[in-house]
Amino acid sequence: MARTTKREKIIAAFMGALSETPYEKLRIRDIAARAEVSLGEFSAEFGSLGSVARAYLRQVDQRVLDGIEADSAEQSTKDRLFDLYMRRLETFAPNRTALRNLARHARRDPKFGLALACSATRSHRFMLEAAGIDTNGPFGALRIHGMAAVFGRVLRTFFDDDSADLDATMRALDEGLERAGAWGRRLEDCDRLSAPFRAFCAPGRRRSRRRPAEDEGDPALAI
């Protein structure tokens, strides 16, 4: 059996405390004591409670991505996304109250909320990539933010869904993915229609009207 690291102990202690106490009332020294580590050991792993929250999200990412089955490539894109996000929600389930408190604090503290949103954006990027969806460029960014909006609505259902099979959450996710699929198809049409224009405007197709001065050096170094 794998040994639990100090980092994992701190994350578990943080989520346990957060399920009992609002985020703004948590203290680093209390989390360290709960995890049975010293403040020095805590500081070697994390610089703040917010960084512990973000580490928890990355921990969930890894568990979901490590659990991808080999035959998932045969599924439709929607089915792959459904399985990935349901696995994410099932991983969230033991910490539902803690996550509800975390979301509540993020709404009250814009700076904290922004940092948490950046971590969530990273999570959605990897979920989409795992489902075979391109996340590069401006259209990729729109896909990521679109999925974040869908998942945000699903989370509101999840926080109140105490059923063992998460039936209401599954319905919300299925409906959200249907809407996202329709939106994604329109985005793909836009991407396809705009491709010739983007190719025409690419930097390699434009020539400078001015000869560079001899002392300007290698233009590649100016990038």
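Buried means under 20% relative accessible area, exposed means over 50%, and partly exposed lies in between (1.4 Å probe, protein chains only). The model is predicted, so local features need pLDDT of at least 70, side-chain atom pairs count only at pLDDT 80 or more, and totals for chains, interfaces and linings use all residues. Residues are numbered from 1 along each chain as its sequence is written, and side-chain values use heavy atoms, with hydrogens and water left out.

**Exercise 1.** Find the salt-bridge partner of Arg-88 and say whether the two residues are buried or exposed.

*Solution.* Start with the rule: a side-chain nitrogen of Lys or Arg lies within 4 Å of a carboxyl oxygen of Asp or Glu. Arg-88 pairs with Asp-61, with 2.6 Å between the closest N and O atoms. Helices here are DSSP runs (H or I, at least four residues), numbered from the N terminus. Finally, both Arg-88 and Asp-61 are buried. These two also join Arg-122 in a network of salt bridges.

**Exercise 2.** Work out which parts of the chain the Lys-78 and Glu-178 pair ties together.

*Solution.* First, the two side chains form a salt bridge at 2.6 Å, N to O. Lys-78 belongs to helix α5 and Glu-178 to helix α9 (residues 167-200), so the pair ties together parts 100 residues apart in sequence. Then check accessibility: Lys-78 is partly exposed at 25%, and Glu-178 is partly exposed at 43%.

**Exercise 3.** State how many salt bridges the rule gives.

*Solution.* The count is 10 salt bridges.

Methods
Helices (H or I, at least four residues) and strands (E, at least two) are DSSP runs, numbered from the N terminus.
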